[in-house]
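This briefing is meant for a reader who is meeting the structure for the first time. Please keep the sequence and the model in view while reading.

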Amino acid sequence: LVQIKPFFNFQLHDDRMLWAILCVGIFTLARIGELVPGHDSKLKVDLSNLSMGGDKGTLRLVGTKTDHDRKGVELAFFRNNSKCCPFTAMVAFLSGRPSTARSAPLFVDAFGRRIAQTWVIARMRLKLRAAGLQANQFSGISLRKGGAQMLLRLEANDKVIMGMGRWMSSCFNRYLRMDEVVVKRWQMKMASSLC
């Protein structure tokens with residue numbers, strides 16, 4: 001996120017919205033389809049599903065892939081005072097969001113129209129290319145995968161990754177890859193122990 005932030009113009013509604021989607025998505029390990037569900041999806045993410053107060057934001061989702069009983073899940077995100085703060089990003093987006101009914105989709109363009117997942121992916125790829133990064137590998141699960149990968153880099157245990165990602169099994173491991181930096185660090189630890 002930090003690498004692409006300079007390529008956002010926060011005077012533009014679309015850039016504030018995309019930044020909010022990316023920050024909230026990474027920190028909550030959400031799929032793009034959970035934040036911006038398709039027209040045919042049973043999942044509806046309306047303005048009424050969002051609660052903001054103090055230093056905490058909550059997005060309530062009913063009917064996600066893992067919500068079989070349709071009891072709903074809450075994605076919590078907090079003010080963290082970083083350059084990629086999801087709470088601050090959401091506040092900035094909401095400050096310029098067009099007025100609509102509480103039953104309207106949360107993420108709408110400057111005219112109050114629902115945006116599509118394809119819009120998010122296409123815009124994100126433009127920002128990645130502008131930053132000189134690989135854009136063709138970005139997809140609908142990239143935020144979820146990116147959040148899980150960051151937790152792995154921070155050496156979070158499986159329980160933390162599973163809980164934050166709402167996984168019921170260890171299937172989250174298929175999203176993770178061991179970075180060369182991590183491999184090198186562990187090999188150095190091995191060397192100091194063995195040699």
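This is a predicted model: local features need pLDDT of at least 70, side-chain atom pairs count only at pLDDT 80 or more; totals for chains, interfaces and linings use all residues.

Residues are numbered from 1 along each chain as its sequence is written, and side-chain values use heavy atoms, with hydrogens and water left out. The chain has seven helices and three strands, where helices (H or I, at least four residues) and strands (E, at least two) are DSSP runs numbered from the N terminus.

**Overall make-up**

- Along the sequence, the elements follow the pattern α-α-β-β-β-α-α-α-α-α.
- Of the 195 residues in the chain, 41% are buried, a word that here means under 20% relative accessible area, with exposed meaning over 50% and partly exposed in between (1.4 Å probe, protein chains only).

**The nonpolar core**

- The largest nonpolar core has 40 residues, and those with the most contacts inside it are Ile21, Leu35, Leu106 and Phe107; such a core is a set of buried Ala, Val, Leu, Ile, Met, Phe, Trp, Tyr and Cys residues joined through side-chain atoms within 4.5 Å.
- At least two residues of this core come from each of H1, helix H2 (32-35), strand S2 (56-61), strand S3 (73-78), helix H3 (86-96) and H4, and the largest share, eight residues, comes from H1.
- As general background, nonpolar side chains tend to be buried together in soluble globular proteins.

**Aromatic rings**

- The structure holds four aromatic pairs, counted where rings of Phe, Tyr and Trp (its six-membered ring) have their centres within 6.5 Å; planes under 30 degrees apart count as stacked, over 60 as edge-to-face and the rest as tilted.
- In one of these pairs, the rings of Phe8 and Trp19 have centres 5.1 Å apart and planes at 65°, so the pair is edge-to-face.
- Because Phe8 lies in the segment before H1 and Trp19 in helix H1, this pair ties together parts that are eleven residues apart in sequence.
- Phe8 counts as buried at 8% relative accessibility, and Trp19 is also buried, with a relative accessible area of 4%.
- The rings of Phe10 and Trp19 are likewise edge-to-face, since their centres are 5.9 Å apart and their planes stand at 80°, although Phe10 counts as partly exposed at 30% relative accessibility.
- Phe8, Phe10 and Trp19 form one aromatic cluster.
- Lys127 lies over the face of Phe8, at 4.7 Å from the ring centre; a charge is taken to sit over a ring if NZ of Lys or CZ of Arg is within 6 Å of the ring centre and within 35 degrees of the ring normal.

**Pocket and cavity**

- On a 1 Å grid over the protein atoms alone, a cavity is a set of points where a 1.4 Å probe fits but cannot get out, and a pocket is an open set with protein on both sides within 12 Å along at least five of seven lines; lining residues have an atom within 4 Å of a point.
- The largest pocket holds about 1000 Å³ of space, a volume being the space filled by probe spheres set on the grid points, which are joined across faces, edges and corners.
- Its lining has 28 residues, of which Leu1, Ile26, Ser142, Gly146 and Arg153 lie nearest the centre of the pocket.
- Helix H1 (13-28), helix H4 (117-130) and helix H5 (142-153) each supply at least two residues of this lining, with the largest share, nine residues, coming from H5.
- There is one cavity of 30 Å³ or more, and the largest cavity has a volume of about 40 Å³.
- The largest cavity is lined by Leu35, Val36, Pro37, Val45, Pro105, Leu106, Phe107, Arg114 and Ile115.

**Residues in loops**

- Leu29, in the loop between H1 and H2, has a positive phi of about 55° although it is not a glycine, and Leu29 is buried, with a relative accessible area of 1%.
- Asn81, in the loop between S3 and H3, also has a positive phi, near 55°, but counts as exposed at 69% relative accessibility.
- For context, most residues other than glycine have a negative phi.
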